[in-house]
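Have the structure open while you read.

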Amino acid sequence: MLDLLLTDARVRTFDPKRPWAEAVGITGGRIAYVGAAADAPAAKETRRLGSNLLTPGIIDSHNHLLLGFDSDAVSLEGAETLAEVRSRISRLAAERPDLDWVCAENAVYSIVDDRRPNADDLAGLTDRPIFVTTYDQHSVWLNDAALTILGIHDGADIAWGRAERDSSGRATGWVTDFYTSAMTSAGLAALQRDIPMYSPERRYKKILGSLDMATRSGITTVVEPQVPVAEIGLFERALREDRLSSRVIAALFHPVDSAPEFRQELRTAVDDAPRSDRLQFGPIKLYADDVIEPHTAWMLADYANRPGHRGHPSAPIGELTKIVTELDRLGFQTHTHATGDGGVRLALDAIDAAQATNGTRDRRHGIVHVECLDPADLPRFADLGITAAMQPRHASPDLIEGTWMDNVGQQRWDRAWRVKSLMDSGAHVALSSDWQVGEMDPLVGIYSALTRAGLDGSSSWTPDEIITLDQALFGYTREGAWAWHAEDRLGVIRPGAVADLVAWSADLYRLDPSALLEQRADLTIVGGQIVHDTGATGGEQGEQGLNRVDIAAKTLNPDRSCAGHGHQ
């Protein structure tokens, strides 16, 4: 007898032998039956899905659990003017006199025109230090009190970034290179010493909040792409306390300037980490370049609006190849951030050289974002067996008009987020959210993949890269499983596979793309266990009942979006 029968459903299996079915049976955490509803065996429990769609569980191949919301910080989502930023920070300072530091998250670069924000823009709000992260986590904004406490005014360097200074040497209050520096051992230690928002307890709460959002979004496997070695224990704690409602694959961060001995430390850390079907360590996160919006990604030609400037690689030319070659030799799969067409080429060259030197096959190295792809490099993904881990939402015009588009220039727009072209070339394209940079809900990403438009349906661009719903779901399921060597057990509905499933609130195949944003995951199952059930929690919530996490998971109203744009 089955433990659970899901029936009266439209089942998209992604199993070539039986692409569609009506019922799925689960026994012992695995799929035991796939077929017609009338032929299904008896079950201890039966759930009728009302002809709604049932698919494999979503595999989010790039989701920063550690960047979840901090309840003791103020969100600057949707704050597009300096006056609004000042108002929100001032309100938090007034309401929370207990906070030693006043922290804010998700500021946009364009909060002031034609320059970076500076300490003077935060003057008069509080006598306490103010610490603000940008939406892409690549920059930090400080007030005068923070600059003084941290010693930056006196010329001190900081381990978690590079403080900008004006022509006289005075610190401006703007810090660049934050995320790559902050996740080093020295950077994280300094942050945890100085900035309360980075305490282990607050970071742990972010993980749990993000995991809760993931299961409510139909995500059954999350790839956390950037875990410092010093924070492995936070995930081990979640496993020990049985708080991993979704599977977690944790990629460990490798700063490009680390000594060679650090790679053996990574090998030891992974080998010594606990092994569980809910938690695994092993991929290694690297950076080929930075991001396009602040002109710091590496481009093959000058930025359109900054002649003579092409950005910069994250390490001297040739260094990334040495690192990837050694990691590949040690048995590691790499997950390399690359956004500019120059950065993407650097990553491709490094993986190509590593595989040739070591004679390795089927390592399934990944390149993340692939925002600007030179035509000559497109076939190399399929040829080298490289996964393109991409985020459809990042290509939405409402996020990139005025920054990404202008920086790259219209003559190169046909290189932008070439999801369809890569799929058509035979490359593996694993789709993901890049939470908290973008909304976590995969339906937002699917909508974006099907429209290349803003969430209000306007301003569709580069339509040649639009894909179908079936391709999008394939990218979030089968391709995600392949990317992490799990295609034999995840991302498919067939007998013997792990019962990671999501039942949606409608048959998505019968909807126009715009209607996808109104849908949700009704039922999320991980290893045969129901971890999210709208039927058990009272069904639909009206918009007035949505909390901050709900709105962030899926933006129902573009004016209330929690998403920014940038990439880690």
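A word on terms before we start: two strands count as paired if DSSP finds at least two bridges between them. Keep in mind that this is a predicted model.

Eight of them form an open sheet, in the order 8-15-16-17-18-19-20-21, and the pairing is parallel. At the edges sit strand 8 (58–60) and strand 21 (428–431), each with a pairing on one side only. From one strand to the next, the twist averages 25 degrees.

For a closer look, take strand 18 (residues 334–338) and strand 19 (residues 366–369), which pair in the parallel sense over four bridges. Ala 338 has His 369 of strand 19 as its bridge partner. Helix 8 (residues 319–329) packs on the sheet, where it touches strand 17 (279–287) and strand 18. The direction of helix 8 makes about 160 degrees with that of strand 17.

Now for a pair of helix residues, side by side.

| Residue | Helix | Relative accessible area |
|---|---|---|
| Asp 341 | helix 9 (residues 341–358) | 1% |
| Ile 207 | helix 5 (residues 200–216) | 0% |

Asp 341 counts as buried because its relative accessible area is 1%, and the cut-off is under 20%. What lies 2.8 Å from a polar atom of the Asp 341 side chain? The backbone nitrogen of Leu 300 does. Leaving aside residues up to four places away in sequence, Asp 341 also touches others, including Trp 298, Cys 372, Asp 374, Asp 377, Arg 412 and Arg 415.

Ile 207, at 0%, is buried too. With residues up to four places away in sequence left out, Ile 207 touches Leu 65, Leu 66, Leu 234 and Phe 235.

**Helix 6**

Two of those names, Leu 234 and Phe 235, turn up again in helix 6 (residues 232–240), where Ile 232, Leu 234, Phe 235 and Ala 238 are buried. These four cover an arc of only 165 degrees around the axis, so they are on the same side of helix 6. And what do the buried residues of helix 6 pack against? Their partners are helix 5, strand 15 (219–227), strand 16 (247–253), helix 7 (261–272) and strand 17. Just after helix 6 comes Asp 242, with a positive phi of about 60 degrees.

Definitions and conventions
Residues are numbered from 1 along each chain as its sequence is written. This is a predicted model: local features need pLDDT of at least 70, side-chain atom pairs count only at pLDDT 80 or more; totals for chains, interfaces and linings use all residues. Side-chain values use heavy atoms; hydrogens and water are left out. Helices (H or I, at least four residues) and strands (E, at least two) are DSSP runs, numbered from the N terminus. Axes are lines fitted to C-alpha atoms, for helices over the stretch in contact, and angles run from 0 to 180 degrees between N-to-C directions. Contact means heavy atoms within 4.5 Å. Buried means under 20% relative accessible area, exposed over 50%, partly exposed in between (1.4 Å probe, protein chains only). A polar contact is a pair of N or O atoms within 3.5 Å; within protein, one must be able to donate a hydrogen and the other to accept it, and residues adjacent in sequence count only if both atoms are side-chain atoms. The arc is that of the directions from the helix axis to the C-beta atoms.
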